Amino acid sequence: MRTDALRPALLFLSVFALGLGGLQLAVGAVAPVPFWVPAAFTAVFFIWTAAGVIAWWQRPLSGTGGLLLVGAVSMFLGGAGNLGLPVLIELSAVFATMVLSVTVHLLHAFPSGRLRGTLSVVTVAVGYGVTLVLQAPLYLLPPDQPLLLDLALWVQSVVGLGVMVATAVFLIGRLRSADPKNLRVLLPLYLYGILAVLAIPMSANVLRIFDVDTAVVGLIQLAVLAGIPIAFLLSVLLGGFSQTAEADALSAWLGIAGSTRAAVGEALARSLGDDSLRVAYWADDRQAFVDEHGADVPEGEHVPPRIWHEVRVESRLVGAISYDGRMITDPEIVRRAGRVFAIALDRERLTAALVASNEALVLSRLRIVETADRERSRIARDLHDGLQVQLVLLALEAQQIANSDDASPATADAVTALRHRIDDAAADLRRLVHAVLPSALVERGLTAAAEDLVDRLDIPATLISDVDDRALAPATAQSAYLIVAEALTNAVKHSGARTVRVELTRTGGLLQVRVADDGRGGARVEDGTGLKGLVDRVDALGGSFELQSPEGVGTELRVELPCGS
Amino acid sequence: MRVVIGEDEVLLREGLVHLLENDGIDVEAAVGTAVELELEVARLSPDLVITDIRMPPTHTDEGLLAALRIRRAHPGVAVMVLSQHVQRRYATELLEQREGGVGYLLKQRIADVRTFTADLRRVQAGGTALDPDVVAVLVARASKTSGPVGDLTPRQLEVLGLMAEGRSNAHIAARLGTSEKAVVQHTSRIYDTFGLPVAADDHRRVLAVIRYLAAAGTA
């Protein structure tokens, strides 16, 4: 039943019952019996109604609430005779003992509210027969036939006792096979229920022997009757048996980020109303079911009365739900919960896969940056040790030829010119090497390299640095250098800045790079490949990148990088 | 002149030795690491040390650090530092220790053999040789800030640059195709502009100019 339709209905029912009880009290005030009699009956009626409404409200999927309301109706009908109105007296005679068979029904159907097994159905049916059919001779037979009346009473008592014996046997059986977790609630409830049903009819005769006032007998009976719905309500609420809307509970669980495996089992047990419920997970690598701690699931989980329900996602076995078939009678509820459980398990699998692939991606991006840096270093080193030396030697050799005594003046001039061209090539190469990886960065580190950049800039620039160059990881130092270089290039080329300021600061494990100019602003990361590539690089290193460039105000670049190992 | 060389590139080291010996310079030792260089300097007390900056084992700035230590420990030893790239900071570090007797050039300058050996001799004699590249950085940096350097004429800037390289008036005159007298006029104008006292000796004059330039940039 949908909760949103149920709740207004229950509210309406409560108001109606209040009205009915009020009416009973009003009429009872002028009835030919003492006022406390209708008042007490009304009170017990209210208790049954309230228990029924609360149970139904809190556990919409359990039938217990509905049965308690049936009990409330029979209580009302049974007590209405006290009002002294003709029709009500007859109704009251018919339903006088029905509340006892409702109690038997409740006992058999607890906690799901539904009967299971032929023995239960027959016993409960006979119980209703005793209170409704076998009750009939008591009000149909003429009062001047005491023999027949006694016989009818005797038959009713004997069959009623039979019902109670059968009920007791049935309940004892259930207690013996019940999960120990559930005993603490079931035992007191069953005991109270059986004793109440037996005590109410017998109490009149027993107490009469001790010459107890009939009014007192009636009050005791009513008190015992009032205890029944309270006992069932408490058991339903505290015992954690009956199903709440399991999908609600499970989807709420699904919504909790980082929920543990232990939590899913608890959520299922709570929502399906079986504390003994366990979930198992299919471990593909071990080809076995394991519990939330990774331990093997005991064999007993497959043995009746436990029911083993396997959960699959697209025919792939992912887990299982093991539950007590007596606590949860409707396998469809478990199947439905199983589907939610499957989603939960699949989410867990997908999350793990996503986290793993994300970690792999982060590492791979970092490797790409480090590889690029290594390549830069290698190229710069190769050029420094190879080509740059070669050009020095070539130029030296050329000049030595030009300087030699046997060179004609024309040759000397030509070869000197050649030496100048080699020097020019060397200058070009020097700029290239500097762009790939500046010497200062290799020899001293970030601050020295940034200083060299600032020194050679076409506009006035200041550098403030408190960074110990030797404490930076190579990837961090190179990245920070490239960021400063790109920002300075942009300041001169695109911003039209008059001055620029570079700050390098270290706070804890973070290197902060700040480059601010007073240019025209309006710079965007998307505008050039330079900044975009640096954003990717900063991202790969786990840093942050912030570009503020309001039109006409200037551009400020703030980057934070982990200092690294 | 007795020289010790520190250079890890074998071909370049041999080229240097050959070049110097052809010019009548006595190469007493030529080694490939900064540690060996310092040992040889302590052992031989040469007139001049020529060293690379990047050398084994770390291939960072050990050659420069060795040069700075040598300048501190051996006041009589002149130092010429060679590198594939020159930067202001190293020049400043080399110059601020003591006056003169120091050079800092790009390796490529070796090829211009006569200028190079002349630079070596000047440095050995207590003079200064700064690479045009690093001088350009100093001058550009000083001109960026508002100050007297920005007020100089292009010709005066040329003279200023050559002075900072450590050149003599005669050399500057030859280089600019003008008379030494004209150069003297330019230099005294520069001195006036910078508010520097006219130094008697060439070496002091160069240092004063370099220090002025270095200080002007930091303002």
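1. A residue counts as buried if 20 or more other C-beta atoms lie within 10 Å of its own, as exposed if 12 or fewer do, and as partly exposed in between, with C-beta atoms placed from the backbone. By that rule, 50% of the 219 residues of chain B are buried.

2. This is a predicted model: local features need pLDDT of at least 70, side-chain atom pairs count only at pLDDT 80 or more, and totals for chains, interfaces and linings use all residues. Residues are numbered from 1 along each chain as its sequence is written, while chains are lettered from A and ligands numbered from 1 in the order in which they are written.

3. Chain B has 11 helices and six strands. These are DSSP runs numbered from the N terminus: helices are H or I with at least four residues, strands are E with at least two. Two residues are in contact if their C-beta atoms, placed from the backbone, lie within 7 Å. Of the contacts in chain B with a separation of 6 or more, 64% are between residues 24 or more positions apart.

4. The six strands of chain B make an open sheet, in the order 2-1-3-4-5-6, with parallel pairing. Strands pair if DSSP finds at least two bridges between them. Strand 2 (26–31) and strand 6 (128–130) of chain B are at the edges; each has a single partner strand, so one side of each lacks a neighbour in the sheet. From one strand to the next, the twist averages 20 degrees.

5. Strand 1 (residues 2–6) and strand 3 (residues 48–52) of chain B run parallel and are joined by four bridges. B:Val3 sits opposite B:Leu48 in strand 3 of chain B. Helix 1 (residues 10–22) of chain B packs on the sheet and touches strand 1, strand 2 and strand 3 of chain B; its direction makes about 175 degrees with that of strand 2 of chain B.

6. Helix 3 (residues 62–73) and helix 4 (residues 88–97) of chain B pack at about 10 degrees, with axes 10 Å apart. Axes are lines fitted to C-alpha atoms, for helices over the stretch in contact, and angles run from 0 to 180 degrees between N-to-C directions. Residues making the contact include B:Leu64 and B:Ala67 of helix 3, and B:Tyr90 and B:Leu94 of helix 4.

7. The contact between chains takes 28 residues from chain A and 24 residues from chain B. On the chain A side, helix 13 (331–403), helix 14 (409–436), helix 15 (439–443) and helix 16 (446–455) each supply at least two residues. Helix 13 of chain A gives the most, with 11 residues.
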